[in-house]
Amino acid sequence: MRLRKLIFPVICIALMGYFGYHMFVGNHGLGARDRISKQITMLDGELKGLKAVRSQLERDVALLRAERLDPDMLDERARAILNFAHPNDLVIIDKRAAEALPR
C-alpha cells in the first residue's frame, strides 16, 4: 500500500527531471539559444560586409551603363590597362619608367 502512494510522485519527479534536463541541454534548450544568438551576431556582421560589397559593385556597374559612359574615357582606360596603342597614336617611351618595370 505504501509503495502505491509513492508511484505517482516518483513518476512526476522523473518527468520533471527529464524536461528540466532537456530545457538546458536539449536541441531547443537554453544552450542552443545561446549558440543561435552567437551565430545570429556573426551572420549579421557578415551581412553588413556583403551589403557594403554589393553597394560598391552597384556603383561600379552604374558607371559602366551606356547612358553614363564616356567613350573617350573608356578607350583611354582600355588602352592603358591592356597596353595597346592605336596605329595613329604618338607613343613616347620613358626610359626610366621602362627600366622600373619588372621583367
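Colleague: Is R54 buried or exposed?

Modeller: Buried means under 20% relative accessible area, exposed over 50%, and partly exposed in between, with a 1.4 Å probe and protein chains only. R54 is exposed, its relative accessible area being 56%. Please note that this is a predicted model, in which local features need pLDDT of at least 70, side-chain atom pairs count only at pLDDT 80 or more, and totals for chains, interfaces and linings use all residues. Residues are numbered from 1 along each chain as its sequence is written, and side-chain values use heavy atoms, with hydrogens and water left out.

Colleague: How many salt bridges does a search of the whole structure find?

Modeller: Side chains of opposite charge can pair when their charged atoms come close. The criterion for a salt bridge is a side-chain nitrogen of Lys or Arg within 4 Å of a carboxyl oxygen of Asp or Glu. Two are found here. In one, E58 meets R54 at 2.9 Å, N to O; E58 is partly exposed, at 46%.

Colleague: Why are E58 and R54 separated by about one helical turn?

Modeller: Because they lie four residues apart in helix α2 (residues 30-63). Helices are DSSP runs of H or I with at least four residues, numbered from the N terminus, and strands are runs of E with at least two.

Colleague: Which side chain meets R79 in a salt bridge?

Modeller: That of D89, at 2.2 Å, N to O. This pair links distant parts of the chain, ten residues apart: R79 belongs to helix α3 (residues 71-82), and D89 to the loop between α3 and α4 (95-100).
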